[in-house]
Amino acid sequence: MRTVILRSSDGADHIVSSEAASLSRTVQSLLEELEAKEGEESPLIVPLPNVCDCTLRKVLQYCIQHTEPGTNLTGRIHVSETRRRDLEVWDRNYMLVSTDELYHLVMAAHYLNVPGLLELCCEGIANLIRGKSPQHVRQHFGLVNNFEKAEEEDIRRTNLWALVDEKELAKK
Amino acid sequence: MPLTRSKAAKVKQTTRAPAPHLPDELWHRIAGFLSTKDWVGASGSCRHLRQLQLEHLNITATSAHGSISALLWLAKQLPGARSLVLGGWIVKSALQQEVADKVRIAMQPALQSPEALSKLSILRVQLGPSDDERAKRMNSTGDLPHMGICLGPILAKATRLSKLELACVSAAGLPPLANLRHMALHLFRFPMSDRISTLLQNMPSLETLQLSHSSASHDSYGDHVEAMLVVPASVQRVELVNVFPESLVLNSDRTVVRLIGAVCCLEEALMGWPDVRGQLKGLRLYQRADEIPYSVDPMDESHLWDHVEVLQFMRAPASPVDVELHGLPVASLGNLTSLHVTMANLCITIPALPGLKDLRLDCARTLCMSFEDARVCAENLVGFEFVFAVICVDDTISAFFATLVTAGKPCAVQQDAEAPRES
């Protein structure tokens, strides 16, 4: 198994197996280009200018965990039910991160094109949003309320059905 | 992180600094994990999220006021929608005419846009109450409330629509849909066929057609009978559920027909459709409480289910009927591949048919089963399931399981723990 050096935007190098690195489709295609240029013997260094050291470390945790025996290259499980359950538990614990970390992680998963991680992050963000008020969502994701007064009035009319209990609405 | 005492300070600490917005592609993925209702809540947080066009919308509004609000929101989302599910809409009863007018006015600007519904390929709509609710209303008022919004203008705009599932009072107002490939219509009011036949002629791409009606309000065959139903040649599969046109015309000999309904109605209907028998591949029969229990008479030359591939006997709700199917081996079932029976008490002889691969018997009480030829059945069956409270065992059953074991086939027999036990 060949080792690969992934270099973060702040210059930190991470040595990983080509199998783990290839969970990222972006890295996989870069590796193919590098191999064609430099042959199979020289070390392969992949610069990743859009991912900082801290986030890359976290992404690689996922890639390594999901390339252990019992998983295939896309991170999808194809063997035992026990292994699948173990990975689900691992994924749940892995997602216990702050909103800020989650934001950087989803951006990295998107840039690096790691399908399994991207789904996991999007589901994590959806879980943070579910059942929350617009104020809460703004607060969580650093969004700015940029509506004008007329728009706010429009939102009050059109979003009413989703924000209040239908039975209460009918009583009014 | 230390907790602060004042609420203002707490908010300040947990609020993230404004960050570059996530790409739309990610917001779409995130929205895919949320119900439409949850997404609408979130979309009120900033202009960017509010303007994001969702591809898959599922809106259920249960009150008239909620419907207006939801339709106002929907109007803004129509240009981007690829699939749309609308449920629980009650907006055009006589008492709610004012509400219906408001809805029409709300939707008008959206429908006038050339982009409205240009991407829509799947539409599933239930207009009016569910079958259960409708039955309650009919019992209390004696009349069927007139419900439903005018779908015609909306569907006329959906030029790419390929799948339509519609439950409503009548099919009135459905426009020609040139690209429609799959249509399922569940209508609350009879008759439907006259209008449907005309409608179908204007759907040249239609491949599958399901027409259904709730049987709750109809007592006999006469109540179900409708005029002629003409199925265009493009249609490959037709399923009729409690729908029995006086005459059924199939314009292609490749069209496969599946029928679901009460035994008495199906028997009478099929007598009027002699040409359809060869194309009837699936039959699901249920029996009303007032009917004579099923039985297969070996002296009968023909049966309702002759030549079908899939045969199901279902137990109608509140109908604890038994079924006597020991005569099955004499019926003309040479094409049968799948046999399912769900009954309270069942007496059955499984015919020795080389094509029979799938057998499921589900008895709440007693199962009396035997095999015409245990070895043939055991060798040919690919999947089988027997559920019962009590079973009457005979020699052929022992031979069946012995053959299974010899052939190395897995077998499992389940005695239903929930069912009443009998000695």
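Modeller: Let us start with one pair of residues in this predicted model: A:Ile5 stands opposite A:Ile45, which belongs to β3(A). In general, the strands of a sheet pair through backbone hydrogen bonds, either parallel or antiparallel. Here strand β1 of chain A, residues 3-7, is joined to β3(A) by four bridges, and the two run parallel.

Colleague: In what order do the strands of that open sheet lie, and which are the edge strands?

Modeller: The order is β2-β1-β3 in chain A, an open sheet of three strands with mixed pairing. The edge strands are β2 (13-17) and β3 (44-47) of chain A, since each of them pairs on one side only. From one strand to the next, the twist averages 30 degrees.

Colleague: Which residues of helix α11 of chain B are buried, and how are they arranged around its axis?

Modeller: In this helix, residues 263-271, the buried residues are B:Val263, B:Cys265, B:Leu266, B:Ala269 and B:Leu270. Seen down the axis of α11(B), they fall within an arc of 160 degrees, so they line one face of the helix. B:Cys265 counts as buried because its relative accessibility is 1%.

Colleague: How many disulfides are there, and what should I make of B:Cys265?

Modeller: A disulfide is a covalent bond between the sulfur atoms of two cysteines. A search of the whole structure finds zero disulfides over all chains. For B:Cys265, the closest cysteine sulfur is that of B:Cys264, at 3.9 Å, which is too far for a bond.

Colleague: Which residues have a positive phi although they are not glycine, and are they buried or partly exposed?

Modeller: Most residues other than glycine have a negative phi. Two cases to look at are A:Asn113, with a positive phi of about 55 degrees, and B:Asn242, also with a positive phi of about 55 degrees. A:Asn113 sits in the loop between α5 (99-112) and α6 of chain A, and at 32% relative accessibility this residue counts as partly exposed. B:Asn242 lies in the loop between β9 (237-241) and β10 (244-245) of chain B, and at 6% relative accessibility B:Asn242 counts as buried.

Note on methods. Residues are numbered from 1 along each chain as its sequence is written. Chains are lettered from A and ligands numbered from 1 in the order in which they are written. This is a predicted model: local features need pLDDT of at least 70, side-chain atom pairs count only at pLDDT 80 or more; totals for chains, interfaces and linings use all residues. Side-chain values use heavy atoms; hydrogens and water are left out. Buried means under 20% relative accessible area, exposed over 50%, partly exposed in between (1.4 Å probe, protein chains only). The arc is that of the directions from the helix axis to the C-beta atoms. A disulfide is a pair of cysteine sulfur atoms within 2.5 Å. Two strands pair if DSSP finds at least two bridges between them. Axes are lines fitted to C-alpha atoms, for helices over the stretch in contact, and angles run from 0 to 180 degrees between N-to-C directions.
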